[in-house]
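Trainee: I would like to go through a structure by question and answer. Please show it first.

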Amino acid sequence: MNILQEIRPECDFASSNDFMNDGLLDSFDMVSLVTELEEKYSILIDPLDMVPEYFSSVSAIASLVRKSGADVQN
C-alpha cells in the first residue's frame, strides 16, 4: 500500500475494489509499480505477468510478488 501511495498519493486505494477499473492505476503506473516492487523485493516480474488482473488490488499485487519469488503477506 505504501508503494501505491507513493506512485499516486492523490488516490484512495483503500476504498477501491479494483484499482484498474476504478481508474486509480493506468499502464504507466503499472510499470512504475513493477519497478518499485522489483527493487524492494529483489525480484524480476515476468513481462507476461504485467496484466491488469495482477494490479487490481493489494491482494492481487501481493500474489504477483509471491509468484515472482518474494515472501510477502497481503
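Predicted model: local features only at pLDDT ≥ 70, side-chain atom pairs only at ≥ 80, totals over all residues.

Trainee: Is Asp29 buried or exposed?

Mentor: Buried means under 20% relative accessible area, exposed over 50%, and partly exposed in between (1.4 Å probe, protein chains only). Asp29 has 9% relative accessibility, so the residue counts as buried.

Trainee: Which side chain forms a polar contact of 2.6 Å with that of Asp29?

Mentor: Contact means heavy atoms within 4.5 Å. Not counting residues up to four places away in sequence, Asp29 touches Ile7, Arg8 and Leu24. A polar contact is a pair of N or O atoms within 3.5 Å; within protein, one must be able to donate a hydrogen and the other to accept it, and residues adjacent in sequence count only if both atoms are side-chain atoms. The side chain that makes this 2.6 Å polar contact with Asp29 belongs to Arg8.

Trainee: With which residues is Leu33 in contact, leaving aside neighbours within four places in sequence?

Mentor: Leu33 is among the residues that touch the most other members of the largest nonpolar core. Such a core is a set of buried Ala, Val, Leu, Ile, Met, Phe, Trp, Tyr and Cys residues joined through side-chain atoms within 4.5 Å. With those neighbours left aside, the contacts of Leu33 are Ile3, Leu4, Ile7, Leu25, Phe55 and Ile61.

Note on methods:
Residues numbered from 1 in each chain as written. Heavy atoms only, no water.
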